[in-house]
Amino acid sequence: MQLQKLNLYIFVLLLALFARIAVFYLAANDFFLVGEGQVQANLAENIVAGRGFMLSEAMFHDADPRRDDQLEFFRETGGFYGALIPEKPTTFLVPGYALFEAMIFMVTSPGNLLAVIGVQLLLGLLTVFLGMRLASRFLQGRWFAAAGIFMALDPFELYYQAIPATQALFSLLFMAGLLLSIRFIEKPDLSRGIWAGLLWGVTFLVRPAALPMIAWLTVVALFAWKFSRRTIPALLLLAVSFVAVLTPWVLRNRSTMGRNQLLPLQGGVQMWEFNGRVFTDAFLDEAEGAKLLYGPVREMWLLKLNKPELTEFPEFTTESEFERDSVLYHRQSEFIRSNPIVFLHLSTCRFVEFFKPFPLNRFSPVHTVLGLLSFFWVGIFFFSGLLLMVRMGWPGIFIAGVIAGYIFMHLLTASGTPHRVALDIPLVIASLISVKYSVERFRAGKLST
């Protein structure tokens, strides 16, 4: 049996390798757009050049055709993304991914995005392996094999490993964090507490969506260990190691901004993008998919909004990043409070955007077919899978809570395939648990008749 499982691991990893070789060939021939990856690359180049974590003013004049045209609007609002001020130390983004790229640039050459993509595709093999390790906790036999094959060929993971964006690195760290957290729950070992805290800290520095996970881990661990006093040292080490990773980032922000700052200063811009922007003229330049999904919301509510002036993007001049984020955050918070039903309607659209199995923008039919074959069924089975996971003990409760919390967090804030892709593996595991249960119930029913 062990040999059979080993052979399955080898088969899946070979499948994943061949898929990534093909994707790397496409990337080397400029098949994928770089898009916002140029922002992170520029930050990384400045780190390598010793200029620190900042964006170059040259980004305002970059004419690379691979760039996302939607960034143009933000160039006209007094700062990249409307708030990121070039040639000044920035806290608009967390630095983890830029540091990752900087290390690759130091080994290869500054701006070598193909090298970044190659490293991400190789790390994707490790993501598949970790995903299989997680799946083995909940699935066996052909269901485990099905999970492994999906992980090897998941078109969404492959796509985001083929572009210079945070998702590929975040997926790897996220999977490692889930596995280590489960082991920590099962045995409150001091070393496991240290490693889990360090890992979730690094994951946060790549994408802040990791922050609630360590809080949820603490809650589940306390209940799993029945609030035993003997586990307090393990939880303290978990917290201390997590804080230790983030302390340099906070201290750096203190020295550059004059205030302690943990979260990146993009919350206000993000709130505007996913709420107020829909009702402004800027939405008219949105991509076709966004108009298809959010256009009906705009038509229904545009003339019925309370305080519609809050939807407009402010005209910034000399304000700092913190001031811009604060203004946007308070304006959008007030807009949401004044239009709660509109916010619920937008959140419903975000649910669709989170789980859509294929792009809503115009792509070749291949994209649609791949999405339908690989992901549409997840939206049908994942919820019942979460309920079944809860019945599998504390590891299942932890993973189910991570999935539910991650989804809810993005429905309230920002949503879409880029935000969901790190959750693909846990979602597929939960969905296959549900499919397995349904098949077994169906067969039991047929046999009983």
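**A pocket and some salt bridges**

Hi everyone, let's begin with the second largest pocket, which holds about 260 Å³ of space. This is a predicted model, where local features need pLDDT of at least 70 and side-chain atom pairs count only at pLDDT 80 or more, while totals for chains, interfaces and linings use all residues. Residues are numbered from 1 along each chain as its sequence is written, and side-chain values use heavy atoms, without hydrogens or water.

For the terms: a pocket is an open set of points on a 1 Å grid over the protein atoms alone, where a 1.4 Å probe fits, with protein on both sides within 12 Å along at least five of seven lines; lining residues have an atom within 4 Å of a point. The volume is the space filled by probe spheres set on the points, joined across faces, edges and corners.

Sixteen residues line this pocket, with Pro95, Gly96, Leu99, Leu205 and Trp249 nearest its centre.

Now, salt bridges, meaning a side-chain nitrogen of Lys or Arg within 4 Å of a carboxyl oxygen of Asp or Glu. The count is seven. Which residue does Asp424 meet in a salt bridge? Its partner is Arg420, at 2.7 Å, N to O. Asp424 is buried at 0% relative accessibility, and Arg420 is buried at 0% too. Here buried means under 20% relative accessible area, exposed over 50%, and partly exposed in between, with a 1.4 Å probe and protein chains only.

Glu334 and Arg337 also pair up, their closest N and O atoms 2.9 Å apart. Glu334 is partly exposed at 23%, whereas Arg337 is exposed at 57%. Thanks, all!
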